[in-house]
Amino acid sequence: MCFYFPEYIYQHFLKIRKYSGDAFKLEEVVKQDFINISKPLTYKGIFAFHKYWGKKPIETTSFFIENFTNPGDIVLDPFLGSGLICRECVENDRSFIGIDLNPFAIEHAKLILDLPTLNEYKIAFELLKEQVCEEINRSYTGSDNLVRSHYLWDDQELKQVWRKNRGRKVILEPNAHDYALAASFNDYQITNFREATFFNNSRINSTSGLKMHDLFTGRALRNIDILIEAINDFPRYLQRALMLTLTSAVGQMSNMVFAITDRGKNGNGSLNEIEVGSWVIGFWRPKLHFEINVWNCFENRAKKFIKTLSLIQQRKIRFTENIGQYFSSEFDALLIQDDCLKVMNSIPTDSIKLISTDPPHGDRIPYLELSEVWNSILNKKVDFDSEIVISDAKNRNKKKANYIEEMKNFIREAGRVLRPDGVVIKVIP
Ligand SMILES: C[S@@+](CC[C@H](N)C(=O)[O-])C[C@H]1O[C@@H](n2cnc3c(N)ncnc32)[C@H](O)[C@@H]1O
């Protein structure tokens with residue numbers, strides 16, 4: 001990690017009407033403390049619960065909050081992402097405004113602010129287990145009536161079937177029953193979530209014709225549907241926690257889980273020492289891949305979340321999604337899912353003490369395209385047009401020139417909403 005003002009941003013920053021000497025102070029402090037904040041600890045607890053593209057360590061943000069704001073000040077992150085900063089702010093008695101265009105990002109930030117208690121989540125998980133576990137496991141039951149944990153597919157051919165025996169892996173030869181059971185879900189039609197939208201983007205291995213059925217087996221989609229249907233019956237805040245448990249597990253439920261083998265570079269070696277890889281980024285579907293039991297994936301993540309909740313001190317946080325309400329009464333936080341350029345227009349002039357943000361950068365990470373599986377499962381509509389990004393997906397028309405123009409608009413608005421003693425921090429990897 002490093003912290004700097006890229007030249008074009010720095011030049012604009014200098015022109016900002018409300019510019020104060022604090023920026024110079026910042027450069028000195030950053031130099032002094034560079035070593036500490038450039039070697040942050042690994043992500044832990046709630047910060048490690050869900051993957052997000054370009055997630056930044058919280059230590060750096062905490063440093064800026066502590067050094068550039070006082071209790072009661074307002075901190076703004078208009079490109080919120082995973083939203084880790086929001087909890088950090090309210091726990092330090094700073095008021096917080098978070099904006100992101102990505103529906104997933106705002107759902108995740110709401111979860112971080114509105115966590116269920118350990119007990120509430122545990123009870124919800126047990127209830128859910130009672131409702132769906134048996135039905136899901138039936139779709140993985142072999143001819144011996146025992147439940148399978150993993151299937152190793154080489155394209156359409158089943159290479160291995162695994163089951164667990166007292167926590168130990170047992171490798172089985174695939175049989176006709178395994179093939180027939182898998183095939184019986186091939187035409188499954190999803191009902192509780194929407195089909196995903198993809199673009200031709202070779203950088204992330206997607207094409208406009210890609211469908212959820214290409215990324216998941218019919219069996220996995222059907223089991224995800226079963227989970228969502230049951231989750232929908234829970235109160236809203238528990239629904240969110242359970243749905244995000246599901247999205248955090250969904251990569252491992254997909255056909256994008258590669259197998260780590262000792263086959264060597266040409267892929268001809270043995271399959272003796274095989275390990276389960278993970279979904280990393282993008283939509284690459286390896287020929288040799290695992291299909292993992294959907295319930296097991298969900299349960300693993302839920303257990304991780306239970307552990308996380310057991311270490312968190314509960315605190316009632318008052319947040320709203322209404323900007324008028326936020327500025328007219330006592331709220332700890334405002335979270336808005338929309339285009340930040342639009343939302344920032346409604347933020348009063350001279351109101352923000354610190355803008356600490358990590359805007360989209362370069363063409364490596366098309367956030368909305370990458371988040372599409374999560375947003376599809378969450379059944380959220382996505383405004384691809386308003387994304388500030390450079391994308392290799394040609395028909396999105398997201399070029400560098402537009403990006404620079406939009407960032408200039410952002411910097412102009414940042415100058416307006418900042419207090420005369422306000423500070424802007426731009427974090428980039
Ligand atoms: C680099 S990421 C932020 C990552 C974040 N710092 C974290 O730790 O997770 C940039 C974010 O900008 C969001 N974004 C892109 N265009 C936007 C827009 N017009 N308005 C608001 N957010 C936008 C993306 O959805 C993405 O979450």
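A residue is called buried if 20 or more other C-beta atoms lie within 10 Å of its own, exposed if 12 or fewer do, and partly exposed in between, with C-beta atoms placed from the backbone. The model here is predicted: local features need pLDDT of at least 70, side-chain atom pairs count only at pLDDT 80 or more, and totals for chains, interfaces and linings use all residues. Residue numbers start from 1 along each chain as its sequence is written.

**Exercise 1.** Find what share of the chain is buried.

*Solution.* Start with the chain, which has 429 residues. Buried residues make up 41% of them.

**Exercise 2.** Decide whether Val373 is buried or exposed.

*Solution.* First, locate Val373: it lies in helix H15, residues 372–377. (Helices are DSSP runs of H or I with at least four residues, strands are runs of E with at least two, and both are numbered from the N terminus.) Next, count its C-beta neighbours inside 10 Å; there are 23, so Val373 is buried.

**Exercise 3.** Name the contacts of Val373 beyond its neighbours within four places in sequence.

*Solution.* Two residues are in contact if their C-beta atoms, placed from the backbone, lie within 7 Å. Setting those sequence neighbours aside, Val373 touches Ala196, Leu215 and Val250 in this sense. Now take Val250: 123 residues separate it from Val373 in sequence, yet their C-alpha atoms are 8.3 Å apart.

**Exercise 4.** Check the span of helix H11, residues 294–310.

*Solution.* The expected span is 1.5 Å times one less than the number of residues. Well done! Among the buried residues of H11 are Trp295, Phe298 and Leu309.
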